[in-house]
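Here is a short report on one protein model. It moves from single elements to the overall form.

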Amino acid sequence: MIFEKISTILTADELVDKAFSRSVRAGRGKIGGEYTDKKEIEESMVLTAGNILGDNLRNAVKDWPNLERIEPFYRDLTDILVGVDELRKRLASVSWASEKTREISRKYVGMIRKSQDPVLLRKQAFARMASIVYDVDKDLRFLNDARNKLRQLPDIKDEPTIVVAGYPNVGKSSFTAAVTGARPEIAQYPFTTKGIIIGHFTRNRIRYQVIDTPGLLDRPLEKRNDIELQAIAALRHVGHVLLFIIDPSETCGFTLEEQMKLLEEVRDTVKMPVLTVANKIDVEHSKADADMEMSTLKGEGVLAVRDRLADMLEEILKPKPPEEKKREQEEEVHQIPPSRKKRKVKTEEAGEDKK
Ligand SMILES: Nc1nc2c(ncn2[C@@H]2O[C@H](COP(=O)(O)OP(=O)(O)OP(=O)(O)O)[C@@H](O)[C@H]2O)c(=O)[nH]1
Ligand SMILES: [Mg+2]
């Protein structure tokens, strides 16, 4: 994962402690040498402190991926979780501090050589370098927090991928848990899932990736919370088919009408085909206009849904003959704006035992 390589970022206190204790050690190493004079000791102390600070500050910046080049999905998530512009500013501050501490150390080494009072100059150099590091303490803390958040993002692989979406509390995580090895938290309140969760299943030796997303409410983008926005990022940038789960029993706490409105918006947002499935059919429910039905609680219809999704993926990802590919590309060029035709999926009775 792109954020995994970033090591812990030290605070200003920790950095200053580290640099100055190393510099004392370096100074001690010089004492007693045949030709050492006082200046040499002070010079080596300043040089060591400058190197340690400069290197550590530079490392806090250089492990980050290039924010201009990361995939749109991770870029959106970075923006939602920490803010891309803010992150860029903080990285620039720390980068500046790295240059500055080195510059101070080089300048003072030169001055010590010509000076009568090398100890005083060394103390001045330390004070100036420390002050630069304390100036960027808030940036270092920001970067470390950002690193801790972003490291937890799941690693999305280039595999046949199903995205699961719908209103909060409809059973998205229950479905993901039922068909994959993932164990997302399942609970009877909305927004139990607060980030993207990944699970996998294998059928006919093909591995499928299932992305469980946080619940979405039917409301304009600018009103959505950060939890919902992560689901939107997944809908926009990843996946080959979308499983939209509806709860016609309305025990999720939201009406069927609200859920169907969201479905229409989602259909307009995503480029992938959508399979709509009514869940919780073990509970009394009204009739829903969905492609399939299931109860993740009782395990009814779940495998049939899984197999239908895998069939859809097989069909979508099947290599196409070159003539067909060419025709599709030509059609796309003539379709401006892209057609928003409702993609209805034909339902068929798939056997439960089909693997
Ligand atoms: N009766 C019944 N309850 C179900 C069924 N599927 C899920 N539930 C219950 O519905 C509640 C929500 O399930 P989750 O799987 O957490 O729903 P979710 O869509 O992931 O919810 P968020 O993460 O909050 O968006 C839990 O209390 C589940 O036990 C079902 O088929 N029948
Ligand atoms: Mg969930």
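A residue is buried if 20 or more other C-beta atoms lie within 10 Å of its own, exposed if 12 or fewer, and partly exposed in between, with C-beta atoms placed from the backbone. Helices (H or I, at least four residues) and strands (E, at least two) are DSSP runs, numbered from the N terminus.

The model is predicted: local features need pLDDT of at least 70, side-chain atom pairs count only at pLDDT 80 or more, and totals for chains, interfaces and linings use all residues. Residues are numbered from 1 along each chain as its sequence is written, while chains are lettered from A and ligands numbered from 1 in the order in which they are written.

## Helix α9

Which residues of α9 are buried? They are Leu256, Gln259, Leu262, Leu263 and Val266. These residues sit on the same side of α9, because they cover an arc of only 120° around the axis. The arc is that of the directions from the helix axis to the C-beta atoms. The face turned away from the buried side of α9 carries the exposed residues Glu257, Glu264 and Asp268.

What covers the buried residues of α9? The cover includes the strands β1 (161-166), β4 (241-246) and β5 (274-278), together with helix α8 (226-237). Contact here has a simple cut-off: the C-beta atoms of two residues, placed from the backbone, lie within 7 Å.

Helix α9 covers residues 256-269, which is 14 residues. From first C-alpha to last, α9 reaches 20 Å, close to the 20 Å expected at 1.5 Å a residue. The expected span is 1.5 Å times one less than the number of residues in the helix.

## The ligand shell

Ligand 1 has 23 residues around it. Gly171, Ser173, Ser174, Thr193 and Gly215 come nearest. A residue is near the ligand if its C-beta atom, placed from the backbone, lies within 6 Å of it. The shell divides into 9 nonpolar, 11 polar and 3 charged residues. Ala, Val, Leu, Ile, Met, Phe, Trp, Tyr, Cys and Pro count as nonpolar, Asp, Glu, Lys and Arg as charged, and the others, Gly among them, as polar.

## Loops

Two loop residues have positive phi values. Phe191 lies between α7 (172-179) and β2 (197-203). Its phi is near 60°, a positive value in a residue other than glycine. Phe191 counts as partly exposed because it has 14 C-beta neighbours inside 10 Å.

Asn204 is in the loop between β2 and β3 (206-212). Here phi is near 50°, again positive in a residue other than glycine. With 7 C-beta neighbours inside 10 Å, Asn204 counts as exposed.

The loop between β3 and α8 holds Arg219. Leu221 is in the loop between β3 and α8 too. Arg219 is partly exposed, with 14 C-beta neighbours inside 10 Å. Leu221 is exposed, with 10 such neighbours.

## Pairs across the chain

Leu47 is in helix α2 (residues 38-62). Leu47 is partly exposed, as 19 other C-beta atoms lie within 10 Å. Leaving out residues up to four places away in sequence, Leu47 touches Ser105 and Val109. Lys89 belongs to helix α4 (residues 84-113). Lys89 is exposed, with 12 other C-beta atoms within 10 Å.

| Pair | Apart in sequence | C-alpha to C-alpha |
|---|---|---|
| Leu47 and Ala125 | 78 residues | 9.9 Å |
| Arg219 and Glu265 | 46 residues | 9.7 Å |
| Lys89 and Val305 | 216 residues | 46 Å |
| Leu221 and Gly50 | 171 residues | 48 Å |

## Overall form

The protein has 11 helices and 6 strands. Its radius of gyration is 29 Å, whereas a compact globule of 355 residues would have one near 20 Å. The radius is taken over C-alpha atoms, and the globule rule is 2.2 Å times the number of residues to the power 0.38. Along the principal axes, the C-alpha atoms fill a box of roughly 90 × 50 × 40 Å.

Buried residues make up 37% of the 355 residues. Of the contacts with a separation of 6 or more, 70% join residues 24 or more positions apart.
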